[in-house]
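Here is a short briefing on one protein chain. Look over the sequence and the fold, then read the points below.

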Amino acid sequence: RLLFATSMSGPHHYFGWVSPRAALLITPSGNGDGLLAYREVAADAGECAAVAEARARLRPLPPRHVLTVRGCVWLQGARLSNEQRAAYAVRDEVAVQLVDTGTGEADSLFDSPGVLEVPTAELRVPLVPRAHRYDLAPFGAQLVPNGRPFSFDQRLVRRYRHAQHRLRVVTYNYADEYLPGYLMKGSGVFLERHEFIQAITPMNERCGGFVMLGRERSTAEDGGGGGGGGDGGGGSTSGGGGSTSGGGASGDGMELELIAVRVPFGYTLLVDAHSIHGDSTLTGL
């Protein structure tokens, strides 16, 4: 039987395509379904200047709203040794889902799926209050109001132009018990990073939850060694395991800064290319 209370499903609605290079406006779909749709618009210079001015007034994010996790290790599934792969297959279903235990080949939509191992059994990620008032650019994201034209960071669109195809506007539904009833009983919270941009818009006031945003630092930035994770990765967090060395690890000494951001109804979260993010913690449509 289907357990809808613990499911994430979709796409459910299709609203066509929009260009990542265009100015966009979010309005009612016009289909009488109470949903919202993205539309390309011709924004004049005054509107663009007003949006830029509003972003310039955003506050810097206080350190108290950021969780710093030290000693993270990115275990890229396709590069795990046979011993590591066998060990993970026992205690974490991610190894079975993302990597063929016989060949070591990735079985995922992402280029380098794996497990992010952190040296603690529990992570308490701070929820940023009224996140639309803060500058989230250091985390590769920004909240924008639906009622005004907006656009993605065109510098990044040009830089990663090979990955910026037309954006298909669709809906997904996250059930209220998807996180506690499914994810936390299995693989854990999913984080991803990729070269294409995306946007997240709540369809109604019943939507809730939050999006996790992250940024990666290595101890090299503080004068030490260490390395970062690969591009195009996706994976789940695994707590309590400590640092693991070997063929699948991206290096030790990595630091990961995490925040949690609500996307209130009436706003859209823009996610830049290469931003570390996870939307599996959302609820609603």
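Arg215 lies over the face of Phe139, at 5.1 Å from the ring centre. The rule for a charge over a ring is NZ of Lys or CZ of Arg within 6 Å of the ring centre and within 35 degrees of the ring normal. This is a predicted model: local features need pLDDT of at least 70, side-chain atom pairs count only at pLDDT 80 or more, and totals for chains, interfaces and linings use all residues. Residues are numbered from 1 along each chain as its sequence is written, and side-chain values use heavy atoms, with hydrogens and water left out.

**Overall make-up**

- The protein chain has five helices and 19 strands. Helices (H or I, at least four residues) and strands (E, at least two) are DSSP runs, numbered from the N terminus.
- Of its 285 residues, 45% count as buried. Buried means under 20% relative accessible area, exposed means over 50%, and partly exposed lies in between (1.4 Å probe, protein chains only).
- Take the contacts in the protein chain between residues at least 6 apart in sequence: 83% of them join residues at least 24 apart. A contact means heavy atoms within 4.5 Å.

**Charge over ring**

- Trp17 also has a charge over its ring: the charged end of Arg166 sits there, 4.6 Å from the centre.

**Sheet 8-17-12**

- Three strands make up an open sheet, ordered 8-17-12, with antiparallel pairing. Two strands pair if DSSP finds at least two bridges between them.
- Strand 8 (141–145) and strand 12 (198–200) are at the edges. Each has a single partner strand, so one side of each is left without a neighbour in the sheet.
- From one strand to the next, the twist averages 25 degrees. Axes here are lines fitted to C-alpha atoms, for helices over the stretch in contact, and angles run from 0 to 180 degrees between N-to-C directions.
- Five bridges join strand 8 to strand 17 (residues 267–271) in the antiparallel sense.
- Val144 has Thr268 of strand 17 as its bridge partner. Pro145 stands opposite Tyr267 in strand 17.
- Four of the five residues of strand 8 are buried, which leaves the strand mostly covered.

**Strand 16**

- Strand 16 (residues 254–261) has eight of its eight residues buried, so it is largely enclosed by the rest of the structure.
- Both of its faces are covered. Met254, Leu256, Leu258 and Ala260 are buried on one side, and Glu255, Glu257, Ile259 and Val261 are buried on the other.
- Strand 7 (residues 127–128) runs parallel to strand 16, and two bridges join them. Leu127 has Ala260 of strand 16 as its bridge partner.

**Helix 5 and the tyrosines**

- Leu179 belongs to helix 5 (residues 178–181). Leu179 is partly exposed, at 22% relative accessible area.
- Neighbours within four places in sequence aside, Leu179 is in contact with Met184, Val189, Ser280 and Thr281.
- Leu179 and Gly209 are 30 residues apart along the chain, and their C-alpha atoms are separated by 9.6 Å.
- The count of aromatic pairs is two. Tyr178 and Tyr182 form a stacked pair, 5.8 Å centre to centre with 15 degrees between the planes.
- Rings of Phe, Tyr and Trp (its six-membered ring) pair if their centres lie within 6.5 Å; planes under 30 degrees apart count as stacked, over 60 as edge-to-face and the rest as tilted.
- Tyr178 counts as buried at 12% relative accessibility. Tyr182 is partly exposed at 44%.
- Tyr174, Tyr178 and Tyr182 form one aromatic cluster.

**Helix 4**

- Arg158 is placed in helix 4 (residues 154–159). Arg158 is exposed, with a relative accessible area of 51%.
- Arg158 and Arg21 lie 137 residues apart in sequence, yet 8.9 Å apart in space, C-alpha to C-alpha.

**Cysteines**

- The structure holds zero disulfides. A disulfide is a pair of cysteine sulfur atoms within 2.5 Å.
- Cys72 is buried, at 0% relative accessible area. Cys207 also counts as buried, at 18%.
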